[in-house]
Amino acid sequence: MTNKEIKISFEEYSKIDDLNSVDKALCLEAIKALDNSHSPYSKFKVGAALRLQSGKIIYGSNQENVAYPSGLCAERVALFHWGANYPNDPIISMAVTAHTNDFQILAPITPCGSCLQVLAEYEKSQAKTIEVLLYCQNGAIWKTTGIQNFLPFLFFEERLK
Ligand SMILES: [Zn+2]
């Protein structure tokens, strides 16, 4: 038996003003994305904003449905919109934030495994690492470059062979 460890790496910023201006701007775009969240069941709004190489911003927000599994996370709403419309304009970074009136969110909201897996595949297909900013409006911001830091055990196409 061998014990193995995986080291991940990310940066933590205590407030939005500590970010560089480009990252700060993208976090503010993620707040805008909250406006179109359709979350009548959880009342938990999530907003995502992608910054593309051209400078274009793609928005996504969580879209719930009364048939619960039919809904989709904010991150994948944005990512699939990118894949369907702008696949040749690489994703440079993604910011994610959340809001609810029910309680104060005190830590960054992390994407679910499915969203990380989708991010990882697009990161690989565009051959360019993606920065991820997880922005808690009442707390810290976590930033990482490369999805592998948030999902070390990615499922890759090579595993199918
Ligand atoms: Zn998700």
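Reader: Why is the way helix 2 passes helix 3 called a left-handed crossing?

Author: Helix 2 passes helix 3 in a left-handed crossing, the term for a near helix turned anticlockwise from the far one by less than a right angle, clockwise being right-handed. Both helices are DSSP runs (H or I, at least four residues; strands are E, at least two), numbered from the N terminus. The model is predicted, so local features need pLDDT of at least 70 and side-chain atom pairs 80 or more, while totals for chains, interfaces and linings use all residues. Residues are numbered from 1 along each chain as its sequence is written.

Reader: How do you know that helix 2 and helix 3 are roughly parallel?

Author: Helix 2 (residues 74–85) and helix 3 (residues 113–126) pack at about 25 degrees, with axes 9 Å apart; axes are lines fitted to C-alpha atoms over the stretch in contact, and angles between N-to-C directions run from 0 to 180 degrees. Angles under 35 degrees count as roughly parallel, over 145 as roughly antiparallel, 65 to 115 as roughly perpendicular and the rest as oblique, and the pair is therefore roughly parallel.

Reader: Which residues of helix 2 and helix 3 meet?

Author: Glu75, Arg76, Leu79 and Gly83 in helix 2 meet Ser114, Cys115, Val118, Leu119 and Tyr122 in helix 3, contact being C-beta atoms, placed from the backbone, within 7 Å.

Reader: What makes the protein as compact as a globular protein of its length?

Author: The protein has three helices and six strands. Its radius of gyration, taken over C-alpha atoms, is 16 Å, close to the 15 Å that the globule rule (2.2 Å times the number of residues to the power 0.38) gives for 161 residues, so the protein is as compact as a globular protein of that length.

Notes. Two residues are in contact if their C-beta atoms, placed from the backbone, lie within 7 Å.
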